[in-house]
Amino acid sequence: STANSMSTWLVLRNLSPRMDPKSLRPLCERHGPLLTFQLNLRHGNSLIRYGSMDEAAKARAALNGLMLNGNQVVADFATDGDIGSFFEQTMDWSSNPFPSNTYGNQWSFQNMLGPGTANEGIQNVS
């Protein structure tokens with residue numbers, strides 16, 4: 001992550017799933033206005049974007065190692081990979097009612113269609 005050692009994006013990890021989602025944002029906003037604030041407590045992480053690298057650096061220094069609900073927060077500058085995987089997580093989380101470990105997309109797709117839908121479609125064609 002040396003290429004992206006400074007960024008306006010921060011990723012917070014090791015968040016407690018029991019914490020109040022509303023309590024995190026004000027802590028982050030102390031360091032500057034947030035352009036992006038994404039929170040996924042199921043995965044225990046948050047993605048934040050500040051308007052300047054300076055604000056992000058101050059926030060990282062303040063939030064890294066902070067104790068919240070008994071968990072020690074890890075704050076880091078987010079890489080492109082972090083940002084990409086975060087949005088995949090949240091999409092998976094909002095659009096997919098199944099647990100995150102069922103990555104068999106066909107299985108979940110088949111389930112959403114309901115049993116036998118695919119076969120009926122094939123029969124109707126002939």
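Asp54 is partly exposed, with a relative accessible area of 47%, in a predicted model for which local features need pLDDT of at least 70, side-chain atom pairs count only at pLDDT 80 or more, and totals for chains, interfaces and linings use all residues. Residues are numbered from 1 along each chain as its sequence is written, and side-chain values use heavy atoms, hydrogens and water being left out. The exposure classes follow relative accessible area, with buried meaning under 20%, exposed over 50% and partly exposed in between (1.4 Å probe, protein chains only). The side chain of Asp54 forms a salt bridge with that of Lys58, at 3.3 Å from N to O, where a salt bridge is a side-chain nitrogen of Lys or Arg within 4 Å of a carboxyl oxygen of Asp or Glu. Asp54 and Lys58 are 4 residues apart in helix α2 (residues 53-63), and are therefore separated by about one helical turn; helices (H or I, at least four residues) and strands (E, at least two) are DSSP runs, numbered from the N terminus. Lys58, with a relative accessible area of 49%, is likewise partly exposed.

By this rule the count comes to 4 salt bridges, among them a contact between the side chains of Asp82 and Arg13 at 2.8 Å, N to O. Asp82 lies in helix α3 (residues 80-95) and Arg13 in strand β1, so that this pair ties together parts that are 69 residues apart in sequence. Asp82 counts as buried at 17% relative accessibility, whereas Arg13 is partly exposed at 31%. Another of the salt bridges joins the side chains of Arg60 and Asp76, at 3.5 Å from N to O, and links distant parts of the chain, Arg60 being in helix α2 and Asp76 in strand β6 (residues 74-77), 16 residues apart. Arg60 is partly exposed, at 30% relative accessibility, and Asp76 is also partly exposed, with a relative accessible area of 30%.

Strands of a sheet pair through backbone hydrogen bonds, either parallel or antiparallel. In the present model, an open sheet of 4 strands has the order β2-β3-β1-β6, with antiparallel pairing, two strands being taken to pair if DSSP finds at least two bridges between them. The edge strands are β2 (34-40) and β6, each of which pairs on one side only, and the twist from one strand to the next averages 15°. Strand β2 pairs with strand β3 (residues 45-50) in the antiparallel sense over 6 bridges, and the bridge partner of Phe37 in β3 is Ile48.

Helix α1 packs on the sheet, touching β1, β2 and β3, and its direction makes about 150° with that of β2; contact means heavy atoms within 4.5 Å. Axes are lines fitted to C-alpha atoms, for helices over the stretch in contact, and angles run from 0 to 180 degrees between N-to-C directions. Helix α2 lies across β1, β3 and β6, running at about 160° to β6.
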